Amino acid sequence: RRALRGSAASRGYGRLWRRLRSAVLAARPLCARCLAAGRLTPAEVGHHVAPIVDPRDPSVLDSGNIEPLCRACHERHHGRLRSD
């Protein structure tokens, strides 16, 4: 399965993305969705609001397209965790 997806860097998650994600999470350290629901949960993931279609697209590195989420909210969003 991993071979079909390619490497993280080839999908747009290289060094610049990791730096940007760190900056976004430092500036907004709480999960946006938990916060909207009245919970204070540390954000762990920088989620692209608009999905990456082309890793060379500059919007990949647009901080306005990144939502800080906790792991559970991110997994729920992608259908890998059931909503309670």
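# Exercises on a predicted model

The cysteine sulfur closest to that of Cys-73 belongs to Cys-70 and lies 3.6 Å away, too far for a bond. The structure is a predicted model, and the exercises below work from it.

## Exercise 1: cysteines

Solution. 
1. The criterion is a pair of cysteine sulfur atoms within 2.5 Å.

## Exercise 2: the nonpolar core

Task. List the residues of the largest nonpolar core, then describe the surroundings of Cys-34.

Solution. 
1. The largest nonpolar core consists of five residues: Cys-31, Cys-34, Leu-69, Cys-70 and Cys-73.
2. Two of its members can be checked for burial against the limit of under 20% relative accessible area. Cys-34 is at 4% relative accessibility and is therefore buried. Cys-73 has a relative accessible area of 6%, so Cys-73 is buried too.
3. With residues up to four places away in sequence left out, Cys-34 touches Arg-39, Thr-41, Cys-70 and Cys-73. Cys-70 and Cys-73 are also members of the core.
4. As background, nonpolar side chains in soluble globular proteins tend to be buried together.

## Exercise 3: the strand pair

Task. Work out how strand 1 and strand 2 are joined, and which way their residues point.

Solution. 
1. Strand 1 covers residues 45-48; four bridges join it to strand 2, and the two run antiparallel.
2. Individual bridges can be assigned. Val-45 has Leu-69 as its partner in strand 2, while Gly-46 is partnered by Pro-68.
3. In strand 1, Val-45 and His-47 point one way, Gly-46 and His-48 the other, and all are buried.
4. Strand 2 spans residues 66-69: Ile-66 and Pro-68 point to one side, Glu-67 and Leu-69 to the other, and all are buried.
5. Gly-46 and Ala-23 are 23 residues apart along the chain, with 9.9 Å between their C-alpha atoms. Ala-23 is found in helix 2, residues 15-27, and at 45% relative accessibility counts as partly exposed.

## Exercise 4: contacts of His-47

Task. Is His-47 buried or exposed, and which residues is it in contact with beyond four places in sequence?

Solution. 
1. His-47 lies in strand 1.
2. Its relative accessibility is 5%, so His-47 counts as buried.
3. Apart from neighbours within four places in sequence, His-47 contacts Arg-33, Asn-65, Ile-66, Glu-67, Leu-69, His-74, His-77 and His-78.
4. Ile-66, Glu-67 and Leu-69 in that list are residues of strand 2.

## Exercise 5: salt bridges

Task. Find how many salt bridges the structure holds, and describe the partners of each.

Solution. 
1. There are three salt bridges in the structure.
2. One pairs Glu-67 with Arg-33, with 3.0 Å between the closest N and O atoms. The pair ties together distant parts of the chain, since Glu-67 is in strand 2 and Arg-33 in helix 3 (residues 32-36), 34 residues apart. Glu-67 is buried at a relative accessible area of 15%, whereas Arg-33, at 30% relative accessibility, is partly exposed.
3. Another joins the side chains of Arg-56 and Asp-54 at 3.2 Å, N to O. Arg-56 is exposed, having a relative accessible area of 72%; Asp-54 is partly exposed at 29% relative accessibility.
4. Glu-75 and Arg-80 also form a salt bridge, with their closest N and O atoms 2.9 Å apart. Glu-75 is at 19% relative accessibility and so counts as buried.

## Exercise 6: aromatic rings

Task. Count the aromatic pairs and classify the geometry between Tyr-13 and Trp-17.

Solution. 
1. The count is one aromatic pair. Tyr-13 and Trp-17 form an aromatic pair with 5.3 Å centre to centre.
2. Planes over 60 degrees apart count as edge-to-face. The planes of Tyr-13 and Trp-17 are at 75°, and the pair is edge-to-face.
3. Tyr-13 is partly exposed, at 27% relative accessibility, whereas Trp-17 is buried, at 3%.

Note on methods. Residues numbered from 1 in each chain as written. Predicted model: local features only at pLDDT ≥ 70, side-chain atom pairs only at ≥ 80, totals over all residues. Heavy atoms only, no water. Buried < 20%, exposed > 50% of the residue type's maximum accessible area, 1.4 Å probe, protein only. Pairing = 2+ DSSP bridges. Phe/Tyr/Trp six-rings, centres within 6.5 Å; stacked < 30°, edge-to-face > 60°. Contact = heavy atoms within 4.5 Å. Salt bridge = Lys/Arg side-chain N within 4 Å of Asp/Glu carboxyl O. Core = buried A, V, L, I, M, F, W, Y, C linked by side-chain atoms within 4.5 Å.
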